[in-house]
Structure formats: C-alpha cells, structure tokens
Amino acid sequence: MLYSCSSANEGTLPEHLQGIENLTVYSEDEAPRFQISLQEVARIDDSDDLILGRISGIQTDKNDRIFISDDSEKRINVYTPDGEFIQSIGRSGQGPGEFETVHNLMIDEAHIYAQDFNKRMVHSYLLSTMEFDKSIPMMSENQRSVLPDGYFPGGFQVLPEGQFLFYYGQSFGRNDDESEQRMDLIYRADREGQLSADPILELETVDPIVLRTDNSISVFGAPFLARVLNSFSPVQGIVVNRTDWFLFKKYDENGNYRRAFYYPFPRKELTREAALNQYNNEGYRRAVRGYDLPETWPAVREFLIDDEGRFWVSTIIDEEGMFEWWVLDEQGNLLAKQIWPSSRTVEHVQNNYLYMTEEDEMGLVEVVKYRLSLN
C-alpha cells in the first residue's frame, strides 16, 4: 500500500515529516516482489601483477571495463570485463594527474574523474586513451570569492554535458557557535571549476563528534550518528537522504525539489557499550562517554543508484554484523531485500552486473563481479 501525504494521513507520520510536499508513504509491511540472484563472473584480488590497497571507488564504462581507485597506492587500476589487469592511471606525486589522495571515482561518456582531497581538485583522464586530461580546481581564488567563509570542498558528482556538482562543508574551529545550524552547500560547476553564483541546494548537516582540549581539536565520525548522504543520477536527479530516517528526497540538477518517498523503519537500539565498542582510541572513547547519544542507530547505512535508476539501500538491523540491502525501483517501490554480512558491500551496479567488495577473515579485500538477476 502506498499513498501521497495529505491532511488525512499526516497523523501517521513523524512530526518533522508532516507537511513535506509530494511525499509517497509506503507501508512497513511492504513485501518484496523478487529475489536477488547473483552468479559470479570475475574476481579481482592481489596478484603477481598488482597489489590491491585501500579501495576508494569502483566504476565501469559502457564497455564494462572495470576501474578501481586505490588510495594507498595513489592510482586507478583498469581491468577487462573478465577482471584481467590492463594498466594503471596516475601515481603518487605532485605533478599533473598525480595524487596525494584518490577518492570519489566517476566516469562519464568520455572521461574518468577522481578527487584529490589534499590538492582540492578533481583530475580528469580521457576514457579513450587513459591519458591525463586536466585538473579541475575545487578551491581556487575565484571559488573562494563565491564561497562563504569557512567552507571547504567535500565531494563532487558528474552532470551531463561536462558540468559538475561540487559539494562544500563547513570546517570546525575552536570558537564555533555550536548552537548555530551547520549547512552543506551544493554548487554547479563547469570544467574550469567556475561555480554558480549561488548554491543550488543548502542542506542541514549533522555534526560529527568534536573532541576539544586546551591545545587541540579533533573531529571524528561515528557509525551510530546520522549523516546526510546525497547522490546524482541522470534518471533520478539529485537524491538526498538523512540516514536516521528511511526518507529520500529528489531534486532536479538545478536543485528544484520534485518529490520524496518514505518507509517506516524499525531502528536498532543503541547502547553506550555498543557505541564505545566502535573505537580503540582512548581519546575517542572518552569523548563518546561524555556524548549525548541518540537512542537508536540510523536506519540507513549507505545507498547508491544504479544505471536503471534503482536504489540500493543498506539498512542497519538488529542482527549483529549484518546489513539488510533493499532494492527499490525508480519510484521507491520495494523490489527485493537481501541480508549480507558487513564484510560484503555493494559498490556499483551497471548493465545488470553487480560489483561487491568482500573482506576475508585476514582483512584482505577482493572485488567480485556478479551477473545480477531479480526473479
């Protein structure tokens, strides 16, 4: 059962969700229509040719070549559709197309993109030749003149026709007014990095834990705290989720609100002991002991959108060490559910192939390509 939010049913919604326009509310008893079937096609792991380090992104092109960004080795590895190594792109260094960090791997019709957080830029490579194309700044003097004080680059997304979405968040200082709502800003940008005059979206953010001492300030994330996630899909537009609710809001590429959908989701209870168990660092544990914890874990751990506009949503459930993945169609209708251990993470889905990272008991990570069926 689903229905659009109206005055007749607003009383069934949490108070802060009431009044959202064009909201579709699904029943918590919604049953999946299909089962997920996976058939292994290829497995990429350490070999004599190449060592996999810290994987920071997985993408494929229209020919099903596989691209894996490796932040520890500061490069992008390219593989055939069968998982055979072809070549690497980029390397550690300060020169053109070289990385200090490599994250947020993206591919469009003609380019490969990866973000270097330290250099505050996006490197572009030609998909046809794998050669370095250009570096697109995210924090040039021109951009500083547009951005409010105290904002720094977060991530980016690729729009059609050589345009981008650049994300900026606020830094933390010792004299911050903690009563003031912090915001993330999304701007459109061109291939020169020129930003739109104003942000197309302003999103309320959720603060991490901040540990302040007389001499330092430490900011660290916590898996039990809500985050604001966003993604872009040519089918879906900009999609935003605040992870403490199974609520997804959709905007067009200019930031205009379109619609939203919501599932009531039973969130897992959070205990102080469980929160402390996330850390070995005693300083972090001390901060958590004094932190006003939420009563529950978030509903959503992460999500991605595949090339058909389907949502793949990882949810936090009571079963320890396991996550339940929901597959939703373009409108938000439930297609399938699958419980996988936390050691298996869906990273990318395209052309009905699913790419998953899988970690063994020794902590070694493989990338596994599966043929995907919903039946």
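What percentage of the contacts in the protein chain with a separation of 6 or more comes from residues 24 or more positions apart? And at Thr60, which residues are in contact with it once neighbours within four places in sequence are left aside?

Author: The share is 46% for residues 24 or more positions apart, among contacts in the protein chain with a separation of 6 or more; a contact means heavy atoms within 4.5 Å. This is a predicted model, in which local features need pLDDT of at least 70 and side-chain atom pairs count only at pLDDT 80 or more, while totals for chains, interfaces and linings use all residues. Residues are numbered from 1 along each chain as its sequence is written, and side-chain values use heavy atoms, with hydrogens and water left out.

The whole chain comes before the single site. The protein chain has 3 helices and 28 strands, where helices (H or I, at least four residues) and strands (E, at least two) are DSSP runs numbered from the N terminus. Its radius of gyration is 21 Å, which agrees with the value near 21 Å for a compact globule of 375 residues; the radius is taken over C-alpha atoms, and the globule rule is 2.2 Å times the number of residues to the power 0.38. Along the principal axes, the C-alpha atoms fill a box of roughly 60 × 55 × 45 Å.

Of the 375 residues in the protein chain, 48% are buried (buried is under 20% relative accessible area, exposed is over 50%, and partly exposed is in between, with a 1.4 Å probe and protein chains only). The accessible surface is about 18200 Å², and carbon and sulfur atoms hold 42% of that surface; the areas come from the Shrake-Rupley method with a 1.4 Å probe, and for residues only the protein chains shown count as cover. The chain has 35 positive and 64 negative charges, with mean positions 2 Å apart. Lys and Arg count as positive and Asp and Glu as negative, without His and the chain ends; each charge is placed at NZ of Lys, CZ of Arg, CG of Asp or CD of Glu.

Now the site itself. Thr60 belongs to strand β4, which covers residues 55-60. Because its relative accessible area is 3%, Thr60 counts as buried. With neighbours within four places in sequence left aside, Thr60 is in contact with Arg65, Ile66, Phe67, Ile107, His348, Gln350 and Tyr355. Glu21, by contrast, is 39 residues from Thr60 along the chain, and their C-alpha atoms are separated by 36 Å.

Asn352 is not a glycine, and its phi is positive, near 60 degrees. Most residues other than glycine have a negative phi. Asn352 is partly exposed, since its relative accessible area is 32%.

Met130 also has a positive phi, of about 70 degrees, without being a glycine. The loop that holds Met130 runs between β10 (121-126) and β11 (132-137), and the residue is buried because its relative accessible area is 9%. Phe132, in strand β11, is partly exposed at 31% relative accessibility. Beyond four places in sequence, Phe132 is in contact with Pro96, Gly97, His123, Ser124 and Tyr125.

Asp244 sits between β19 (237-242) and β20 (247-251) and counts as buried, because its relative accessibility is 12%. A polar contact of 2.9 Å links the side chains of Asp244 and Arg242. Residues up to four places away in sequence aside, Asp244 touches Ala226, Arg267, Pro298 and Ala299. Tyr251, in strand β20, is buried at a relative accessible area of 11%; Tyr251 and Leu201 are 50 residues apart in sequence, with 9.1 Å between their C-alpha atoms.

Note on methods: Polar contact = N/O pair within 3.5 Å; in protein donor to acceptor, adjacent residues only side chain to side chain.
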